[in-house]
Amino acid sequence: MSRVDLQRTFTFRNSKQTYTGIPIIAANMDTTGTFEMAQVLSKHTLFTAIHKHYSVEDWKNFAASHPECLEHVAASSGSGSGDLEKLCAILEAVPALKYICLDVANGYSEYFVEFVKKVREKFPKHTIMAGNVVTGEMVEELILSGADIIKVGIGPGSVCTTRIKTGVGYPQLSAVIECADSAHGLKGHIISDGGCSCPGDVAKAFGAGADFVMMGGMLAGHDQCSGEVIEKNGKKYKLFYGMSSDTAMKKYTGGVAEYRASEGRTVEVPYKGDVENTIRDVLGGLRSTCTYVGAAKLKELSRRTTFIRVTQQSSYMFT
């Protein structure tokens, strides 16, 4: 089992950069997309999309003290003009940074497409992740506008309430299968973002054709996540919340704008200690998946899998 190779090497369509590593990404939420998370994940060649709320000074300090991590991190940005100014300042201050994550809740707007084009024009050699979308046509549009890796997922996240509040969403496995097909036809790549609650789900995302898998909830509650440990009735917890939740919007923008609803929940996740243990669990599960289906390396997984529709995936006799 240990012989299974989980490393992938990709050359990106627009930036022409080459990436090598285990293509699992910590989500750019402010609790999980931290510098502390990046330090641990990069040791395993895993990736971290750093959240957008760190200052330029924070980035300089991180780059100076942990230059070895910069191969495996992306600077995140929203699509506002202030976001772009800050992104430019970070990339100027940390020239070794190669990856940009352009993240909006709804990638279906002309404004976002134009924003991706603008960032590509400014940074022709940087690798750009952009999203989120869930259909092949939009994946193609964003790739042709300059993005290299498209973030796929609307509504599947553990603390996302978009499907409940708006009725909008797309089943994650179907989205990944369809979007991977569209991206690969253009020599682009995708990230399956959301919907993983156990190592088996990560394996299914790769089996469906995802090039990268992004995890938020599975990485929540660890020492490397921001926030204090809360004690309640003798048990320890850490807060975890969606970036469109009341909690996040109050923290960063003074509250939820009148014209919209909060689309994320805030939960107390049982405290899990060092993230190292969770990483080993996920990677061990993924290696076993490859062994079961006869894939000698992660690259082969999507060619060795068949999906069968079930009503329940595991037994809950003892829970």
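This is a predicted model: local features need pLDDT of at least 70, side-chain atom pairs count only at pLDDT 80 or more; totals for chains, interfaces and linings use all residues.
- Strand 12, residues 235-241, runs antiparallel to strand 13, and five bridges join the two.
- Three strands make up this open sheet, in the order 11-12-13, with antiparallel pairing.
- At the edges you'll find strand 11 (229-232) and strand 13 (266-270), each of which pairs on one side only.
- From one strand to the next, the twist averages 45°.

**The largest pocket**

- This pocket holds about 1,400 Å³ of space.
- Its lining takes in 49 residues, and Asp103, Val104, Ala105, Met243 and Ser244 lie nearest the centre.
- Two or more lining residues come from each of strand 5 (73-77), helix 6 (162-166), strand 10 (212-215) and helix 9 (246-253).
- Helix 9 is the top contributor here, giving four residues.
- Sorted by class, the lining has 20 nonpolar, 23 polar and six charged residues.

**The second largest pocket**

- Here the space comes to about 740 Å³.
- There are 29 lining residues, with Leu173, Asp201, Lys204, Phe307 and Gln313 closest to the centre.
- Helix 7 (172-185), helix 8 (199-207) and helix 10 (275-293) are the elements that each supply two or more residues to this lining.
- Helix 8 provides the largest share, six residues.
- The lining splits into twelve nonpolar, 14 polar and three charged residues.

Definitions and conventions
Residues are numbered from 1 along each chain as its sequence is written. Side-chain values use heavy atoms; hydrogens and water are left out. Two strands pair if DSSP finds at least two bridges between them. Axes are lines fitted to C-alpha atoms, for helices over the stretch in contact, and angles run from 0 to 180 degrees between N-to-C directions. On a 1 Å grid over the protein atoms alone, a cavity is a set of points where a 1.4 Å probe fits but cannot get out, and a pocket is an open set with protein on both sides within 12 Å along at least five of seven lines; lining residues have an atom within 4 Å of a point. Grid points are joined across faces, edges and corners, and a volume is the space filled by probe spheres set on the points. Ala, Val, Leu, Ile, Met, Phe, Trp, Tyr, Cys and Pro count as nonpolar, Asp, Glu, Lys and Arg as charged, and the others, Gly among them, as polar.
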